[in-house]
Amino acid sequence: MEAPSFLSQFFMWMGPYKWPMILVSGLVVVLVIKKAVELLIPGLSYKKKISGVNAILFWGAISMAFGIFSQTVSLWAALNDIIAAADISPAIVLVGFYGSFVATLFGTLTLIFAALAWWFFRFWVKRLSPES
């Protein structure tokens with residue numbers, strides 16, 4: 001039997017909200033690509049170019065919220081298992097804590113990507129505004 005790869009372990013440790021987090025992160029990527037294409041279309045109105053920029057940051061924050069909530073649920077379950085176990089090694093406890101932080105890391109990275117894209121698009125759209 002082959003040992004699981006790092007990516008499959010990462011996916012497995014994301015906790016109970018891995019699918020919503022992956023879907024929301026995919027939505028952020030799709031929104032970023034859509035907005036980049038819209039900014040490259042020359043005849044599009046300013047209103048159309050500015051619309052949807054804030055949605056990128058919103059969905060990035062939702063992914064972060066899913067990560068924190070998933071971490072909380074995972075820690076709660078791990079602590080209940082520790083309480084129920086008569087004897088548990090510190091290594092097992094540390095692996096459990098390591099696994100609980102994976103979802104928060106994934107949500108944070110999604111939020112950072114969304115925030116950078118949001119900042120870039122806001123800056124770019126302000127340069128295209130009719131008032132400048």
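The questions and answers below walk through a predicted model of one protein chain.

Reader: What share of the residues of the protein chain count as buried?
Author: A residue is called buried when its relative accessible area is under 20%. When that cut-off is applied to the 132 residues of the protein chain, the share that counts as buried is 27%.

Reader: What share of the contacts with a separation of 6 or more comes from residues 24 or more positions apart?
Author: A contact here means heavy atoms within 4.5 Å. Among the contacts in the protein chain with a separation of 6 or more, residues 24 or more positions apart account for 80%.

Reader: Are helices α4 and α5 roughly parallel or roughly antiparallel to each other?
Author: Two packed helices are described by the angle between their axes and the distance between the axes. Helix α4, which covers residues 53-84, packs with helix α5, which covers residues 90-128, at an angle of about 175 degrees, and their axes are 8 Å apart. Angles over 145 degrees count as roughly antiparallel, and therefore α4 and α5 are roughly antiparallel.

Reader: How many nonpolar residues does the contact of α4 with α5 have?
Author: Sorted by class, the contact of α4 with α5 has one charged residue and 12 polar residues, while the number of nonpolar residues is 19.
The two helices that meet in this contact lie with their axes at a distance of 8 Å.

Reader: How far apart are the end C-alpha atoms of α5, and what span should its residues give?
Author: Helix α5 has 39 residues, and at 1.5 Å a residue they should span 57 Å. The expected span is 1.5 Å times one less than the number of residues. The end C-alpha atoms of α5 agree with this expectation, because their separation is 57 Å.

Reader: Is S25 buried or exposed, and which residues does S25 touch?
Author: S25 has its place in helix α2, and its relative accessible area is 10%, so S25 is buried. Not counting residues up to four places away in sequence, S25 touches S63, F106 and T110.

Reader: Is E38 buried or exposed, and which residues does E38 touch?
Author: E38 also belongs to helix α2, and with a relative accessible area of 8% it is buried. Leaving out residues up to four places away in sequence, E38 touches L44, K48, K49 and S51.

Reader: How far apart in space are W59 and V24, C-alpha to C-alpha?
Author: W59 lies in helix α4 and is partly exposed, with a relative accessible area of 28%. Beyond its neighbours within four places in sequence, W59 is in contact with V24, L27, V28 and L31. Although W59 and V24 are 35 residues apart in sequence, their distance in space is 6.5 Å.

Reader: What separates the C-alpha atoms of V73 and L40?
Author: V73 is found in helix α4, where it counts as partly exposed at 28% relative accessibility. Apart from neighbours within four places in sequence, V73 is in contact with P16 and Y17. V73 and L40 are 33 residues apart along the chain, and the separation of their C-alpha atoms is 43 Å.

Definitions and conventions:
Residues are numbered from 1 along each chain as its sequence is written. This is a predicted model: local features need pLDDT of at least 70, side-chain atom pairs count only at pLDDT 80 or more; totals for chains, interfaces and linings use all residues. Side-chain values use heavy atoms; hydrogens and water are left out. Axes are lines fitted to C-alpha atoms, for helices over the stretch in contact, and angles run from 0 to 180 degrees between N-to-C directions. Helices (H or I, at least four residues) and strands (E, at least two) are DSSP runs, numbered from the N terminus. Angles under 35 degrees count as roughly parallel, over 145 as roughly antiparallel, 65 to 115 as roughly perpendicular and the rest as oblique. Ala, Val, Leu, Ile, Met, Phe, Trp, Tyr, Cys and Pro count as nonpolar, Asp, Glu, Lys and Arg as charged, and the others, Gly among them, as polar. Buried means under 20% relative accessible area, exposed over 50%, partly exposed in between (1.4 Å probe, protein chains only).
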